[in-house]
Each structure stands twice: as structure tokens, then as C-alpha cells.
Amino acid sequence: MADVKLVSLTKTFGSITAVDNMRLEIRDKEFFVLLGPTGAGKTTTLRLVAGLEKQDKGEVHIDNILVDDYSPALRDVAFVFQYYTLYPHYTVRQNLEFPLKSKLRNYSKSEIYRRVVEVSKVLHIERLLERETVNLSGGEMQRVALGRAMVRTPKVFLMDEPLSNLDAKLREEMRRELSRLHFDLGATFFYVTHDQVEAMTMGDRVAVLNEGKILQIGTPNEIYNSPKNVFVAKFVGSPAINLFNAALEKESLIIGDKEMVCTLIEKQRSVLKSYGKKHLILGIRPEDITITREKQKLNSYNCKVYFNQSMGAEDIINLKIDNTVFRAVAPPRLNIKVGETIYANFNIDRAHVFNPETEECVA
Amino acid sequence: MAEIILENIVKRYGDLIAVNNFSLDIKDKEFLVLLGPSGCGKTTTLRCISGLEIADEGKIFIDEKDVTKTRASQRDIAFVFQLYALYPILTAHDNIAFPLKAQRYNKERIKEEVNKVAELLQIKHILHKKPKELSGGDMQRVALGRAMVRRPKAFLLDEPIGTLDAKFREEMRVELKRLHIDIGATTVYVTHDQVEAMSMGDRIAVMNLGILQQIGTPHEVYTKPSNIFVANFIGSPGMNFINCEPKRRDGEFMLKLLKDEIYILIPEEIQKLIKNKVNGDKKLVLGVRPEDVSFSMKKEESSLTVKVYVIEETGSYNIIDVNLGSEMIKVRTLPIVKPSIGETAYVSFDMKRISIFDKETESSIL
């Protein structure tokens, strides 16, 4: 098990910079998630670590060893792909044995047997060992693919969207199993996904990537509650954060044509005063807007329910004031009806303020 | 705008019954979702409504007119597949205008109609662009525009956003729902994604193996699932299922976990229902949603002892997976609740909100 260090890593394909001067330190035994939209450079980063691509600039260190000149096999990492790459007419056992039979490793027969049994126990696939992989379900195949990575106890597990081809139910189950597997193995996981739910639920730390650049690194809690910029704030969290163009006037932020006047808390006021910019973006998450039928003391706005989206455990209420549309979360027992007029109460201490040009968080 | 009625529709492919005696009334202006796993018959049902397939048995009415044998082009409904199936050499404007040109509308009329649709979709500024110059979202808006421009009686949508990134899907869900509210056209929407069904549908028809399992509002199918299939398919994280059997202990009627010496006390009304509806030793499944389980580090009266298996944080709430004997259950908690893996904790169920199913028939007995 090992840490991974990327120093000024850069990779270009023609005129496109896929990975742009990336600096990253993944700690030993950490479940580290690289999160970003399609084309952000996530998979390229992972392939550079694995040695499947060669960087144009920068260094890759694994376990304090500079591995730039090492072939993929010598880097001692295991790659788990989005599409399970199993040998279809081999049994599960043969698939699991395969990486151990490499001449490079020279394991004894009894050692191979022991490892396969051990791994299949952890992954609950013991009863599948003698089956051909073509006869497995998607979830079972992904377990076998994981098992094949696990048998040779690599220094680092590199996982490229391993759950994205599974259906929703199975993905949920596999998220739980991967989290637990990481806990049980105590191995370093470097995991790539475009799905913020996977990043939040499994990661010890998350790096948000866009256009080859890391925008923020932090625990899920930090990324969610203290986003450094608009992109991170929007990308993490579902339903997405509400963003309003706002103007600072004295002690308040004015949204739209005075549709909403938000009284700020002391800390926000002093920061924004010294920042000295009039036009700003106010960001507030749907769960930080409380819906009531009576007007509350502070930052309570009369609005109309435009439409509802039921999510089962909660309702997403889409609200409208003049031309401003935004979303709040309400418990289903409130029984909010379309067309109803209610009060949306902003918990302003949970809001974020961004600079509209740089999109950086300022308060 | 139209009402669509399906009466006892049957569609076979050789030996396979894709749609089995399916009846459904879709109201005017309703957003109805056909939800189910792949192969459940939802797309076949949609194709029968569109006329791309002709039902083997049963009748279909659109606006009270029997269209069972009517050709697709005569049914006056728009079928939208993957939303971005556009003509690459035509501008957005010409893509939208295409169906009108085919119907030989005059130029002014076409311009007027395209502009109306573009306004509604907020794409006026991109009408001169070709598909390859558009973002994915704008391409979808153009494709929708093409379906909307001839003002069909109803829209049929087949997994239109299934292949997009998670983040983008969320945006499109809001947008499709908004459009439906603003246009008010009858919409039948097919998906395997329960989040789409819940967040957009006025009502959801849940299908499995060609058979309608339940129809109701999102709230109804979520809180009162008619069977285990529906309960399991709807909701994320999913409902917890606990295998148990009715048993007496200390004179009290309780539910005992099948594999463990764990007893769950249930309210009297539910006891009565169980006694009335099932004979003595029948096996049951208790269903409880993660948000209806409360979690505590302190033991309380009637709470159950569990062990923490894993914690999943989502930002706005946490999901804690715990072992209750040999069963695994999920608990939804506030983000501040963060026990350690392996720790002992206590849970209790909101008994007003549980479901009880017959293990054999899988039907709800409440």
C-alpha cells in the first residue's frame, strides 16, 4: 500500500491540454476521488498514473519512487475499468488466477489458490468460482473484475468509473460494498467518476477537475459546504445550488428587480464591504431554503409554487418570483401544492457569495 | 391536446408476451411516466400508442377516436427518441421547420411557428447555427422544438435523457417538466430511471414483465407500494426489506426476523391486519424506507441493536448502513451523524410508515 504524488503533470493531445500542470498528493490508504464532467481529464490522469500514457511534463511518484520510466507492470498498480474486461470463456476462478500466473510474479500453486479463495470471500463470489464469466450478471462481473485487481495486492487501485454501467439499484449496493472493501483492505484507492453522488458517498477526499485543472481538493464536507468557486458549487449537490445575480446595497444583497432583499449576517457584511464589489452572485442550496406558510422574521419571501418534483423522501419545490425561478427542498408532509403562494426563507448564514467575473468564492 | 385510453392491450413477439393485458387512462394534459426495468414492455406500449406497432389485442383511443388500426402518421402525435437526432447539414431553424415544410406550409407561417417554439424553448439566439456548433442541451432543445412545432395532440418520449451525464440529466429533468407545465400537452414518457419518473410524472405506471404493477402519483407509489417489486424499484436509497414471521413472545404479537432471534414490536392495527389476512405461520417481509428509520447511539425502549457497516455522506444527508442481525438496513440521517464503522448503535422504525408484504405473493397486505 502506498501514497501517490503527481508533480506538475501535463499531458496534451494535439492542441488539447487534457491534464494541465496537475499537482496532487494522495495519501497512503486514502479513498481519493477525482470528480469532473466528461472530458475533464480524469481518465487521462488515471492512465498516466498507471503508465498507460506517457506525460509530456511532470512526475508520477508511487510509494516515494519516481516511476516515470517504469512500465505499467512494474508500477504495481491495478486498473479497474468502466467496462469489465474479463476473459469470457474462462471461469471466474481462471480469471482471478490469471494475474497471479504471470512469470514476473512466480507464485506457487498453493499461494495462488489461497489468494483466490481469500479474495472471493471478501467479494462474496465464492459460489461463482467455477462459473464462466459470460453467465454472470453485471454486478457479479464487476465484482470479479475487482477481484482480479485485488488478488495480487497492488500498491494502488486505480478505478475508472467502475459503476457507471450498472443499473441504479446495483450501483447503490456497489457503492456501499466499495466503501466497506476500502475499509477492510486498507488500500489506497484512486477513483475517477463524473457522478458527484459516488464522489461524496465514498471519497475520503475529492478533487474536482475541469478542463484538465483541479479546482478544489477537500473532504466531501468541505467541497459541499465551502465550495471555492461557482463550478464546484454547481457540480456537487443534487438538486443543484441556486445561483442569483445580486447587487450589494448597504447591508443587503438585492436579487433581481428588488424581488428579494437578503439581509446579510455580520461576517458576510464586513467581508463584502472590504471586498468592495457591487455586482455579485449569491449561491444558496435548496435545502438551505425553508418553506413556510407564514411569513418569518428575516429573509422571508412571498413566492408562487411553479411546480413540484417528488423525490420520495423529500420534495423539490420549484418557486417563482416575477422572472426569478429557484428551488427549495421540503418534506412531503408539508403537502405543497402547485400554484400555492408560500414563503421561502433563506438561511443566509449558509449562503455563498461569488465574484461574477472570476467565479471565485468571496464570502 | 388529448386524452389517451388503452384497453386491454396485448402485444406478442412470437412466444414472448411483451405487453400483457394493459389498460390505462391517460388524462388530457397529463405527464404520465411508464417506468420499469429493461424488457418490461414500456417501450412496446409506447410504440403501440404511436402506431409504430399495432397491438395484437385490445383498443387504443386518442381523443375518443379509436386509432387501434390507424397508421402512425395519421395519429397526430410526436414521437421523440434520443432528443438529439437532428439533421446535421440543416440549421437549428431548418431542423425545427422540417415537419412544417413537409406539410407544405407557406414561408411566413413557418417562420412564425418556428419563432413561437424557439421563444418557448429559449433558443432564438441559436436558430442560425448547425447542430455541430451547439451544446448537448441546445441540441436537445432543437429536437424538442421539431417535435413541438406541428402542435401534436400528444408527445411520446422514449428515454430521451438516459445517456447524458448525471449533472446534465438533472438540468434536463427540470427543463422538461417546466416545458410541460408551460405547454400543457399530454405527455407519455418512458424511462427505467425512477428519479426521472418521480421528479417529472404527474402519475407513474410501474411495469414489470409486460404487466402493470401499480399506477399512482409519485407520492402514492412511494408511500403505498402495492408489492415488493414497486417498493424496491422506487426510491433511492431503496426501501429496506426485512424477512420476518409473526410470532408470540411474552404474550405479545411480534415480528421475528427469520434468521435471527430479534423481535420487532408492531402496532395493534397492523397486528390485526396481519391476523386477518395471513394464516398463522406465513412468512412476511417488513419494508421500511431509510428516512423512516431513526438512528441513535443510546438505547431506547423498543429500539433495535445494530452494528454500523458503512457511512455514506451525500452533503445534505448521510446514509448509514447497519447490520441488524444478518439483515443489512440503510438509515437516512442528518449530515452531522457520523458513527464509526463497527460501532454499536440503535434504530427504531416509524411504524405509521412501514409496509408489510406477503413473502410468497410479494403483495402488500396493508
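Visitor: How many residues of chain B are in contact with chain A?

Guide: In this model 32 residues of chain B are in contact with 35 residues of chain A, where two residues are in contact if their C-beta atoms, placed from the backbone, lie within 7 Å. This is a predicted model, in which local features need pLDDT of at least 70 and side-chain atom pairs count only at pLDDT 80 or more, while totals for chains, interfaces and linings use all residues. Residues are numbered from 1 along each chain as its sequence is written, and chains are lettered from A and ligands numbered from 1 in the order in which they are written.

Visitor: Let's zoom out. How many helices and strands are in chain B?

Guide: Chain B has 9 helices and 20 strands, and its C-alpha atoms fill a box of roughly 85 × 45 × 30 Å, taken along the principal axes. Of the 366 residues in chain B, 42% are buried, meaning that 20 or more other C-beta atoms lie within 10 Å of the residue's own, while a residue with 12 or fewer is exposed and one in between is partly exposed, with C-beta atoms placed from the backbone.

Visitor: Is α4(B) mostly covered or mostly uncovered?

Guide: Helix α4(B) is mostly covered, since 10 of its 13 residues are buried, including B:M139, B:V142 and B:L144. What covers these buried residues includes β6 (77-80), α2 (92-102), α3, β7 (154-158) and α5 (166-183) of chain B.

Visitor: Why do α3(B) and α4(B) count as oblique to each other?

Guide: Their axes come within 10 Å and cross at roughly 135°, so the two helices are oblique to each other. Angles under 35 degrees count as roughly parallel, over 145 as roughly antiparallel, 65 to 115 as roughly perpendicular and the rest as oblique. The axes are lines fitted to C-alpha atoms, for helices over the stretch in contact, and angles run from 0 to 180 degrees between N-to-C directions.

Visitor: Which residues meet there?

Guide: B:V117, B:A118 and B:L121 in α3(B) meet B:R141, B:L144, B:G145 and B:M148 in α4(B). By class, this contact has 5 nonpolar, 1 polar and 1 charged residues.

Visitor: What about α2(B) and α3(B), at what angle do they cross?

Guide: The axes of α2(B) and α3(B) come within 10 Å and cross at roughly 125°, and these helices are therefore oblique to each other. On the α2(B) side, B:H93, B:I96, B:A97, B:L100 and B:K101 meet B:I110, B:E113, B:V114 and B:V117 in α3(B). The residues of this contact divide into 6 nonpolar, 1 polar and 2 charged.

Visitor: Switching topic, where is B:P237?

Guide: B:P237 is in the loop between α8 (228-233) and β11 (240-249) of chain B, and a cis peptide bond joins B:S236 to B:P237, with omega about -5°. In chain A, a cis peptide bond joins A:S238 and A:P239, with omega about 0°, and A:P239 is found in the loop between α8 (230-235) and β11 (242-249) of chain A.

Visitor: One last thing: what phi does A:S8 have?

Guide: A:S8 has a positive phi of about 45° although it is not a glycine, and A:S8 lies in strand β1 of chain A. With 12 other C-beta atoms within 10 Å, A:S8 is exposed. In chain B, B:D63 has a positive phi of about 55° although it is not a glycine, and B:D63 counts as partly exposed, with 15 C-beta neighbours inside 10 Å.

Key:
Helix = DSSP H or I, 4+ residues; strand = E, 2+ residues; numbered from the N terminus. Nonpolar A, V, L, I, M, F, W, Y, C, P; charged D, E, K, R; others polar.
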